[in-house]
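Please find below some remarks on the structure under review. They begin with the chain as a whole and then turn to one strand and its partners.

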Amino acid sequence: MKNKKYLLDELYMADPSVHVFNDKIYIYPSHDIDSGIPENDNGDHFDMQDYHVLSMDSVEEKVTDHGVALVIKDIPWANRQLWDCDVAHKNGKYYLYFPAKDYLDVFRIGVAVSNQPQGPFEPLEAPIAGSYSIDPCVFEDDDGKHYMYFGGLWGGQLQRYRNNKAIECGQEPEDNSPALPSKIVRLSNNMLSFDEEPKEIIIVDANGDPITAGDHNRRFFEASWMHKYQGKYYFSYSTGNTHRICYAIGDNPYGPFTYQGVILTPVVGWTTHHGIISFKDKWYLFHHDSVPSGGKTWLRSLKVSEMEYNADGTIKTIDGID
């Protein structure tokens, strides 16, 4: 399937995290609704209240919607905005990692647990200690260790932190300074806490110099994703206000990662999130755009496209509008 395909007509969903569990594709999106909140740079109009879990036996077949897997009113510490989530599997349990704003309007990352990939998921009483910002992505390496990548600028509040500590007046660095990076942290064996202090994901150019904050076409903004191809680690992300999905390659989960190029050019809508999987010997990019809603950035629809590699391991760019 070289052409893109929309996955679901009945509901607006976005931010797909995607995994293969039990030889089936499972999609963990956010669920867009129109709550009437005006658009702003803090993303208040993205006022999601719950998560659904979707599955597919193949990308050619119809998606199954397993219904509501977690609702914000059932999360003791969370007040609003269930944004981009991810799920990991270990020892027969499935762990849903999600960002939400607490009652001080600060984003934290929580965990909910289920015995099956489609949920429902039971949330813990409190968020992960030491967590902040948004967009958790959990990657399982070949040795069975799990790593969370997280962070997002502007409404995602990453600019409010330095060295994992909140600062009084958070803002992005000067244009010629290194860009604010995504974070990585190894998860504990029980999958419910951090096993170390979060570390920075440094993206460098071909000369080994860190991408700068003013380089909006290449700098990290949000939507971390990690996958592995031919022994290399591919860190992909959204550039946010320039609307690209870019990627960088490294030799270990922590990086540094060398910038390579664009996976997906801008789509209709403000920006996009993504998930990448290998399934039945093909690679797929899951993402979203706002075409079905007439360009409303807070009402997005899920899509999938086959993704291809060049002989040198670089990824062939996909047109976001085509």
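**Remarks on the predicted model**

1. In this predicted model, 53% of the protein's contacts with a separation of 6 or more are between residues 24 or more positions apart.

2. The secondary structure consists of 23 strands and 0 helices. The radius of gyration is 18 Å, close to the 20 Å that the globule rule gives for 322 residues, so the protein is as compact as a globular protein of that length. Its C-alpha trace spans about 45 × 45 × 45 Å along the principal axes.

3. Of the 322 residues, 58% are buried. The accessible surface comes to about 13,200 Å², and carbon and sulfur atoms contribute 46% of that area.

4. The protein carries 47 negative and 29 positive side chains. The centres of these two sets lie 2 Å apart.

5. Strand β20 covers residues 257-264. It is largely enclosed by the rest of the structure, because 6 of its 8 residues are buried, that is, under 20% relative accessible area.

6. On which strand does β20 find an antiparallel partner? That partner is β19 (residues 245-250), joined to β20 by 5 bridges. Within this pairing, Y247 stands opposite G261 of β20. The two strands form a hairpin with 6 residues between them, and G255 in the turn has a positive phi of about 85 degrees.

7. Strand β16 (residues 203-204) runs parallel to β20, and 2 bridges join them. I203 has F257 as its bridge partner in β20.

Terms used: Residues are numbered from 1 along each chain as its sequence is written. This is a predicted model: local features need pLDDT of at least 70, side-chain atom pairs count only at pLDDT 80 or more; totals for chains, interfaces and linings use all residues. Side-chain values use heavy atoms; hydrogens and water are left out. Buried means under 20% relative accessible area, exposed over 50%, partly exposed in between (1.4 Å probe, protein chains only). Helices (H or I, at least four residues) and strands (E, at least two) are DSSP runs, numbered from the N terminus. Two strands pair if DSSP finds at least two bridges between them. The radius of gyration is taken over C-alpha atoms; the globule rule is 2.2 Å times the number of residues to the power 0.38. Contact means heavy atoms within 4.5 Å. Accessible areas come from the Shrake-Rupley method with a 1.4 Å probe; for residues, only the protein chains shown count as cover. Lys and Arg count as positive and Asp and Glu as negative; His and the chain ends are not counted. The place of a charge is taken as NZ of Lys, CZ of Arg, CG of Asp or CD of Glu.
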